[in-house]
Amino acid sequence: MLSTIQSLGLAGIEPFPVTVEVSLARMVPLFDIVGLPDAAVKESRERVRSVFFHCHYPFPDGRIVVNLAPADIKKAGSLYDLPIFIGLLCAQGVLPDNLEGSVFLGELSLSGQLHRVNGVLPMLLGASKLGIKRAFIPCQNAAEASVVQGMDVYAVHSVDELIAFLRGEAPLELASGVKFEDVTIPPVPDFQDVKGQQAAKRALEIAAAGSHNVLLIGAPGTGKSMLAKRLPSILPEMSMEEAIETTKIYSACGQLPANTPLIRIRPFRSPHHTVSPAGLCGGGAVPQPGELSLAHNGVLFLDELPEFQRPAMEALRQPLEDGVLTIARANARLSYPSRIMLVAAMNPCPCGYYGHPTHPCTCSETRVASYLNKVSGPLLDRIDLHVEVMPVNYEQLVSSQKEEPSADIKQRVAAAREIQQKRFSGTGISCNARIPPSLLAEACPLSPDAERTLRLVFEKLGLSGRAYDRILKVSRTIADLDGSEQIQMSHISEAVQYRSLDRKYWARGN
Ligand SMILES: Nc1ncnc2c1ncn2[C@@H]1O[C@H](COP(=O)(O)OP(=O)(O)OP(=O)(O)O)[C@@H](O)[C@H]1O
Ligand SMILES: [Mg+2]
């Protein structure tokens, strides 16, 4: 007696179909699962056996072999409990063997309740592309599953309920569709709370408008962390596609909050500086996405940058450039998208006051140099805007004058993003920070004055090819904020000024 049930698996966030074959034979009693199962899949045997017992279904006599095909890809997690259980009932003839075109996913409790599993959203989106028309999932995963179009998704509480439905004896609840606009956006801190700091606010506005990386450097208590945490309030709204991409990652690693169908607010991830390279970028024995991918389409904030482990910083270099992190294992290559805006904050020296206008610095030159050198040069080169955050004076702090609210800044950012979307429509690029070399000259027309200034700066400062590219992209964003199609001299000058801090701090004495 043989039965076949469709299920799904995940490699990174890429779904693949899994066929659960169940064979019953009149032989010595044995229950075996093959097809590269991990420990959680193997433990299915005990959960499934217990459900048969507690829900009063006769457990099949003889030899049971479950094969998870394709047999050469590793299967992980507890989601195969439900398809194995249903497969056994079909093989026994308790359920009709007409379940083709339906997929089953779910962990079982010992008493036959369904428990949530990871990765339901990416798996069902994959199933929908494969033409699957019906899915049965745990009711705790109903919110994320409701995003999937063109498929009947049933949210199941218990195996009894599911069996009654499959026998045509009782109806079953469909996971109801959620409109993108109906998902609530939680409130975020506002730039109105930050007194003064006009230069830093301007730099963050440019960064948000073009999705550029930023480094904030300054003395303790000047408001660096405060400024960075307010960045989400001026970032452009997420599109439906972006929200689904980000939600897929959270779903795959089980970090999607309960009852959240979609992540609509751009993520702001702020890992502690003790984070390991795998925690930051992804990886581990059972590969998992890192903070970098959890920040996909949002902000990765590295506060106290020099305190991060050097290997963690170095691991960021490739994904920052490519927007995707690839983990290679002996039998698989997993990719996690990681298109982020990197925001870093740091003090210029161990005591924090190097370059402060009034407070003396107590560090020796060598200590300052060794502190600054903890930040990797190539990482610094990937940061487009270096911003010095100066202390605000007393008058500014106690002033009753209202600061500009984030909503106003966000409007300017949105207008600049709209220009970029029109410019790059059909190219797959969403913002200036991601202009590929092949489009750079076409997307960044320079006025004769601007061209002369850029040449002069390039030769005088001995810039790298990457620094040249990045200055051009930042000028493009400044021009977009200004509503100018051509990049003018003033735009180039402002962009160059954001690349001058590495000279002040890192190239002292050179
Ligand atoms: N411009 C400002 N307007 C209003 N409050 C401010 C400003 N700057 C600093 N503060 C106050 O100071 C506190 C400390 O600021 P914050 O933590 O951002 O400093 P920091 O630059 O990150 O310091 P550190 O280098 O020690 O991390 C803020 O929570 C806020 O209460
Ligand atoms: Mg801070």
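This is a predicted model: local features need pLDDT of at least 70, side-chain atom pairs count only at pLDDT 80 or more; totals for chains, interfaces and linings use all residues.
Residues are numbered from 1 along each chain as its sequence is written, chains are lettered from A and ligands numbered from 1 in the order in which they are written, and side-chain values use heavy atoms, with hydrogens and water left out.

## Overall build

The protein has 22 helices and 18 strands, where helices (H or I, at least four residues) and strands (E, at least two) are DSSP runs numbered from the N terminus. Taken along the principal axes, its C-alpha atoms fill a box of roughly 85 × 50 × 45 Å. Of the 510 residues, 51% count as buried, a term that stands for under 20% relative accessible area, with exposed meaning over 50% and partly exposed the range in between (1.4 Å probe, protein chains only). The accessible surface comes to about 22,400 Å², of which 53% belongs to carbon and sulfur atoms; such areas come from the Shrake-Rupley method with a 1.4 Å probe, and for residues only the protein chains shown count as cover. Among contacts (heavy atoms within 4.5 Å) with a separation of 6 or more, 73% are between residues 24 or more positions apart.

## Strand pairing

Strands of a sheet pair through backbone hydrogen bonds, either parallel or antiparallel. Here two strands pair if DSSP finds at least two bridges between them. An open sheet of five strands has the order 11-14-17-10-18, with parallel pairing. Strand 11 (268–269) and strand 18 (385–389) stand at its edges with a single partner strand each, so one side of each is left without a neighbour in the sheet. Within this sheet, strand 14 (residues 299–303) and strand 17 (residues 341–346) are joined in the parallel sense by five bridges, and Leu 302 has Ala 344 of strand 17 as its bridge partner.

Elsewhere, strand 9 (residues 152–156) is largely enclosed by the rest of the structure, because four of its five residues are buried. Strand 8 (residues 134–138) pairs with strand 9 in the parallel sense over five bridges, and the bridge partner of Ile 137 in strand 9 is Ala 155.

Strand 2 (residues 14–25) runs antiparallel to strand 4 and is joined to it by seven bridges, with Ala 25 opposite Arg 63. Strand 3 (residues 30–34) pairs with strand 4 in the parallel sense over five bridges, and there Asp 32 stands opposite Val 65.

On a 1 Å grid over the protein atoms alone, a cavity is a set of points where a 1.4 Å probe fits but cannot get out, and a pocket is an open set with protein on both sides within 12 Å along at least five of seven lines; lining residues have an atom within 4 Å of a point. Grid points are joined across faces, edges and corners, and a volume is the space filled by probe spheres set on the points. By this rule there are three cavities of 30 Å³ or more.

| Space | Volume | Residues nearest the centre |
|---|---|---|
| Largest cavity | about 150 Å³ | Ser 211, Glu 242, Arg 266, Asn 297, Arg 417 |
| Second largest cavity | about 60 Å³ | Ala 219, Tyr 354, Gly 355, His 356, Met 390 |
| Largest pocket | about 820 Å³ | Leu 10, Lys 74, Ala 76, Val 286, Pro 287 |

For the linings, Ala, Val, Leu, Ile, Met, Phe, Trp, Tyr, Cys and Pro count as nonpolar, Asp, Glu, Lys and Arg as charged, and the others, Gly among them, as polar. The lining of the largest cavity has four nonpolar, four polar and five charged residues, whereas that of the second largest cavity has eight nonpolar, four polar and one charged. The lining of the largest pocket has 19 nonpolar, seven polar and six charged residues. Strand 1 (2–11), strand 13 (288–289) and strand 16 (332–337) each supply at least two residues of this pocket lining, and the largest share, four residues, comes from strand 1.

## A buried lysine

Lys 201 lies in helix 7 (residues 198–210) and, at 8% relative accessibility, counts as buried. Leaving aside residues up to four places away in sequence, Lys 201 touches Phe 191, Val 194, Gly 196, Leu 227 and Glu 403.
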